[in-house]
Structure formats: structure tokens, C-alpha cells
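I opened my notebook beside this model and went through it a piece at a time. Here are my entries, in the order I made them.

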Amino acid sequence: MTEQAEPTLTIGETTYVVSELSDEVREMLSLHQQAKEMAIHAKRQATIHDLSVENLAARIEQAVQDTEDDNDE
């Protein structure tokens with residue numbers, strides 16, 4: 001059976017076992033991880049919004065052109 005290595009944190013040249021760090025540091029590590037995940041999610045959401053804006057702009061342009069074409073007839 002294989003043993004799983006304990007999570008570690010490396011700062012500079014020193015590696016620390018997370019379970020041996022203070023509660024305050026472990027809480028900050030948890031918040032840091034959550035903030036990273038939220039940042040990734042926010043970037044994905046921004047990409048979706050950007051694509052939506054581009055799509056709507058193209059649809060507006062097409063609708064205006066269609067209206068002009070109808071008026072020309």
C-alpha cells in the first residue's frame with residue numbers, strides 16, 4: 001500500500017509540512033486557495049460575458065442592416 005505525502009508549503013528554500021503550521025497560517029492557506037479558485041472562476045465568467053457582448057453587438061449590427069435593407073425596398 002502506498003502512503004500519501006502530507007501537503008507541504010515551500011517558502012524560499014524551506015519546506016514546511018502544512019499540518020505542522022499554526023491554525024492562523026493554515027486558515028490563510030485555505031483562504032489563498034479559495035481566492036485562487038474564485039479568480040479562475042471570475043476569469044472564465046469574464047470570458048463568457050465578453051463573448052456575449054461580442055455576439056450581441058453582431059446581432060445588433062445585423063438587425064440594423066436588415067432594417068435598412070427593408071427600408072430600401
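I began with the turn: E1 and E2 form a hairpin with 2 residues between them, and Gly-12 in that turn has a positive phi of about 65°. I took helices (H or I, at least four residues) and strands (E, at least two) as DSSP runs, numbered from the N terminus. I also noted that the model is predicted, so local features need pLDDT of at least 70, side-chain atom pairs count only at pLDDT 80 or more, and totals for chains, interfaces and linings use all residues. Residues are numbered from 1 along each chain as its sequence is written, and side-chain values use heavy atoms, with hydrogens and water left out.

Next, the pairing. Strand E1 (residues 8–11) runs antiparallel to strand E2 (residues 14–17), with 4 bridges; two strands pair if DSSP finds at least two bridges between them. I looked up Thr-10 and found Thr-15 of E2 as its bridge partner.

Then I read the whole chain. I counted 1 helix and 2 strands, in the order β-β-α along the sequence.

What about the overall dimensions? The C-alpha trace spans about 80 × 35 × 20 Å along its principal axes. The radius of gyration is 26 Å, whereas a compact globule of 73 residues would have one near 11 Å. That radius is taken over C-alpha atoms, and the globule rule is 2.2 Å times the number of residues to the power 0.38.

On to burial: 3% of the 73 residues count as buried. Buried means under 20% relative accessible area, exposed over 50%, and partly exposed in between (1.4 Å probe, protein chains only). The accessible surface comes to about 6,900 Å², and 53% of it belongs to carbon and sulfur atoms. Those areas come from the Shrake-Rupley method with a 1.4 Å probe; for residues, only the protein chains shown count as cover.

Which residues meet in a salt bridge? I found the side chains of Asp-23 and Arg-26 doing so, at 2.5 Å from N to O. The rule asks for a side-chain nitrogen of Lys or Arg within 4 Å of a carboxyl oxygen of Asp or Glu, and the count by it is 1. Asp-23 and Arg-26 are 3 residues apart in helix H1 (residues 23–72), so about one helical turn separates them. Asp-23 counts as exposed at 57% relative accessibility, and Arg-26 as partly exposed at 31%.
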